[in-house]
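My notebook is open, and I am going through this fold piece by piece. Here is what I looked up, starting with the sheet.

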Amino acid sequence: MPEWHNQRLSRDLDARAEEARGLALAIGLDVVAIHMLRLRQTRAATLLGVGQIEAITPDIAAKGVQLVVVDASLTAIQQRNLETAFGTKVIDRTGLILEIFGERAATAEGRLQVELAHLDYQAGRLVRSWTHLERQRGGFGFLGGPGETQIEADRRMIRNRMARIRRSLEDARRTRQLQRSKRQRAPWPVIALVGYTNAGKSTFFNRLTGSDVMAEDMLFATLDPTMREIGLPGIEKAILSDTVGFVSDLPTQLVAAFRATLEEVTTADLIVHVRDIVHPDSEAQYDDVRAILESLGANGPQDGGEGEAPPAIPQVEIWNKIDTADDDARVAIEKLAARRSDVAVISAATGEGVEAARILMAAQLTAQHKVQRIYLDYSQGEAAAWLHARGEVLADEPEDAGHVLTVRLDPADSARFARLWPATPAR
């Protein structure tokens, strides 16, 4: 299965090749060959140069290749011309990722999102994909050119199906918003795990929650978001959300289709960015994840933007897979992390550093909390229970006919308490 890899100065070519190989393996393909080609100029008809095509074609024939994956975006014309030149089926990076998502989506909403992305991708490729459309459908005299009527009919069917899916997804979005509003009314903070695919998010999720979410050494092992309850130091209960892994050049169709799901990230109280810190492309992967968060509006207001942008969501980084680093690399990574207050170095596989990560997450969630002393009569048991449930009670001292609670609360809960018990003085 030959592959072409676009030269990127910011990415390691071998790592890029290995990622493309991982994408192919994730869909069950048997990789028989990899070709890395440097393009000095892209060609509108075939993307690759004539000499490059001639160099690859004999290997395709000799190994009986049935599918060629081009690790780049192809136009419909380029895809058709490469299929003609190679004598076999050709798909691009977008098509491959869409196939993976189509196979992995487990929930009804996930399947609808993937189908919408597939239809959007296919809508512009009717000329290439549906060869039966080139035949004349029939008609009288000069009416209806060859294939024109059939192509338009199929395009209309695709548009209608996409409209029905969008309506279904809109219903799902409203349901998700209701669930989200209920969580926001509850006192528990929401933590969203994000990261490049195969960075170890699901393994870290399982470590924190004791769950058994699928976590394998495979790209896009999990697609559908999962939420679990966890406890953190000083925080009795929090909701942890495991989202789909990101990847470079994530198809725009998928970003658009999965926007309702990804919006869970934009309403979180804390974003935890899990990174494979040992990966040769760790920095480039970090940039890819940040770019997607940027597109979702999770990174706060941007310079030059119009209107009032939402504030940035607090973020911390979890540098994972430290157990796979050699001694020198480990020392360098730990020294770098020690200079930052928003990083924890861990191995989700072995459990090393996970407790430090829990402490870091709790500290970030409580960074805006304020300590205050509140006097309560002993008859105000409901108010005392409310403070114990939503804040961190640091001290409980008797005074006169009641007691003074020293409690750490976030600003929202402090304001909520003042509304619920306006006659209760703070000291």
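**Sheet.** I traced an open sheet of 6 strands in the order β4-β5-β3-β6-β7-β8, with mixed pairing. Strands here are DSSP E runs of at least two residues and helices are H or I runs of at least four, numbered from the N terminus; two strands pair if DSSP finds at least two bridges between them. At the edges I found β4 and β8 (343–345), each pairing on one side only. From one strand to the next the twist averages 25°.

**Ground rules.** I am working on a predicted model, where local features need pLDDT of at least 70 and side-chain atom pairs count only at pLDDT 80 or more, while totals for chains, interfaces and linings use all residues. Residues are numbered from 1 along each chain as its sequence is written, and side-chain values use heavy atoms, with hydrogens and water left out.

**Strand pairs.** I looked at β4 (residues 226–232) and β5 (residues 235–242), which run antiparallel and are joined by 6 bridges. R228 has L240 in β5 as its bridge partner. The two strands make a hairpin with 2 residues between them, and G234 in the turn has a positive phi of about 80°. At the other pair I checked, β7 (residues 315–320) and β8 are parallel over 3 bridges, with W319 partnered by V345 in β8.

**Helix on the sheet.** Next I followed α13 (residues 354–365), which lies across β3, β4, β5, β6 (270–276), β7 and β8 and runs at about 170° to β7. Angles run from 0 to 180 degrees between N-to-C directions, with axes fitted to C-alpha atoms, for helices over the stretch in contact.

**Core.** The largest nonpolar core has 36 residues, and V194, F246, V265 and L293 have the most contacts inside it. Such a core is a set of buried Ala, Val, Leu, Ile, Met, Phe, Trp, Tyr and Cys residues joined through side-chain atoms within 4.5 Å, buried being under 20% relative accessible area with a 1.4 Å probe, protein chains only. α4 gives the most to this core, with 5 residues. Apart from this core lies another, of 24 residues, including I191 and M361.

**Helix pair.** Last, I checked α14 (residues 381–390) and α15 (residues 411–420), whose axes come within 12 Å and cross at roughly 170°. They are therefore roughly antiparallel (over 145 degrees). A383, W386, L387 and R390 in α14 meet D413, R416, F417 and L420 in α15, where contact means heavy atoms within 4.5 Å.

Methods. Buried means under 20% relative accessible area, exposed over 50%, partly exposed in between (1.4 Å probe, protein chains only). Angles under 35 degrees count as roughly parallel, over 145 as roughly antiparallel, 65 to 115 as roughly perpendicular and the rest as oblique.
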